[in-house]
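Please keep the sequence and the three-dimensional view at hand while reading.

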Amino acid sequence: MLEVYDTERLAAAAPDEIGDALERGNIIKFVPCPIELAADEALEKLRTELPRQLKRKNVSYHPEADRVTGLDDDSPVADLAHEVLSTHRDRVTEFLRKVMPTLASNIRAGTSSFRPLEEQGRNLKPHASNELVHIDAGAYGATNGDRILRFFVNVNPAVDRVWASKGDFPTLFEVYGREAGLYDHLTPTLERGLTGKFRTSFLNGLAKVGLPLATVLDSSPYDRVMRRFHNYMKDTPAFQQSPEGHQEFRFEPFSAWMVFTDMVSHASLSGQHALIYTGIIRLEDCRLPELAPFNILRAAA
Ligand SMILES: [Fe+2]
């Protein structure tokens, strides 16, 4: 489940090697982080200031509105956060296009965030908690079957970030899909109808005029089934406690990793200070579409 790329292995990787490994449900780890990061002083300032200035779960740069959320507009680090997060977003997008020329050819860069709080013991409500194992559903809006790719960097200079997983979507759906009630909600086509398409363009319009969170309200039949599975995982103690398929991973300071978070279950058990990039990859750009949750659910329907 974990593929580690050091500088040498990355340089020698074949064009579709890393993309295919992602589609098969691997976590791809890079040691060191293959992307140029903000200067040490800038990161240090964000590590120091953001924990006390945070207004939401994350500080996030929203490209569609060119705006940072999670901080007051007059925060002394608002401009720095904007600069660091928007630059990071551009660098990650460029890197992904280079290392995954097929899969990332039409990647849509979503938010670029900084998570400045210690993950362990945050006591967030279950559905918002990162400590519980889950798959991601609807990255800031409807995906309609497109894939949620997340690229992480541990920017804590001293402490590892620790993750857990209980396996990938195909396995979890087989074991828990019925109990989670997913079959009751599978329709032969999981795509949006005409009303759904109107709703999406309306919400995208709101996002463009400065309401970046408007797209969060968007949904589709597929996204609702995924949301149900996400909630089932977080709400079911027996699932959380099950040793079946349970694995833990450590990501050292300044290592990076990426994964399809709609496919690989995950939880952040501990760690503080991470950069998190979200990109949406078109389902039609997948080389192994039969492994995508959308097509697994459609086959089951
Ligand atoms: Fe997640």
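1. The structure discussed here is a predicted model.

2. The iron site. Three residues coordinate the iron ion, namely His134 through NE2, Asp136 through OD and His266 through NE2, at 2.1 to 2.2 Å. Along the sequence these donors follow the spacing H-x1-D-x129-H. His134 belongs to the loop between strand S5 (108–115) and strand S6 (147–154), whereas His266 belongs to the loop between strand S9 (256–260) and S10; the pair therefore ties together parts that are 132 residues apart in sequence.

3. Burial of the two histidines. Because buried means under 20% relative accessible area, His134 counts as buried at 5%. His266, at 6%, counts as buried as well.

4. The three-stranded sheet. Three strands form an open sheet in the order S8-S7-S10, and their pairing is antiparallel. Strand S8 (247–251) and strand S10 (267–270) are at the edges with a single partner strand each, so one side of each has no neighbour in the sheet. From one strand to the next the twist averages 35°.

5. The pairing of S7 with S8. Strand S7 (residues 161–165) is joined to S8 by five bridges, and the two run antiparallel. Within this pairing, Arg161 stands opposite Phe251 of S8.

6. Aromatic pairs. The whole structure contains 16 aromatic pairs. One of them is formed by Phe169 and Phe229, which are edge-to-face, with 5.8 Å from centre to centre and 90° between the planes. This pair links distant parts of the chain, since Phe169 is in helix H5 (residues 169–176) and Phe229 in helix H7 (residues 221–235), 60 residues apart. Both Phe169 and Phe229 are buried. Phe251 and Trp257 make a stacked pair, because their ring centres are 3.9 Å apart and their planes are at 5°. Phe251 is buried with a relative accessible area of 0%, and Trp257 is buried with a relative accessible area of 0%.

7. The aromatic cluster. Phe169 and Phe229 also belong to one aromatic cluster, together with Phe173, Tyr176, Tyr183, Tyr232 and Phe239.

8. Charges over rings. The charged end of Arg178 sits over the ring of Tyr183, 4.1 Å from its centre; Tyr183 is one of the cluster residues. The charged end of Arg147 sits over the ring of Phe260, 4.1 Å from the centre of that ring.

Notes:
Residues numbered from 1 in each chain as written. Predicted model: local features only at pLDDT ≥ 70, side-chain atom pairs only at ≥ 80, totals over all residues. Heavy atoms only, no water. Pairing = 2+ DSSP bridges. Helix = DSSP H or I, 4+ residues; strand = E, 2+ residues; numbered from the N terminus. Axes fitted to C-alpha atoms, helices over the stretch in contact; angles between N-to-C directions. Donors = N, O, S within 2.8 Å, 3.2 Å for Na, K, Ca; no water. Buried < 20%, exposed > 50% of the residue type's maximum accessible area, 1.4 Å probe, protein only. Phe/Tyr/Trp six-rings, centres within 6.5 Å; stacked < 30°, edge-to-face > 60°. Lys NZ or Arg CZ within 6 Å of the ring centre and 35° of its normal.
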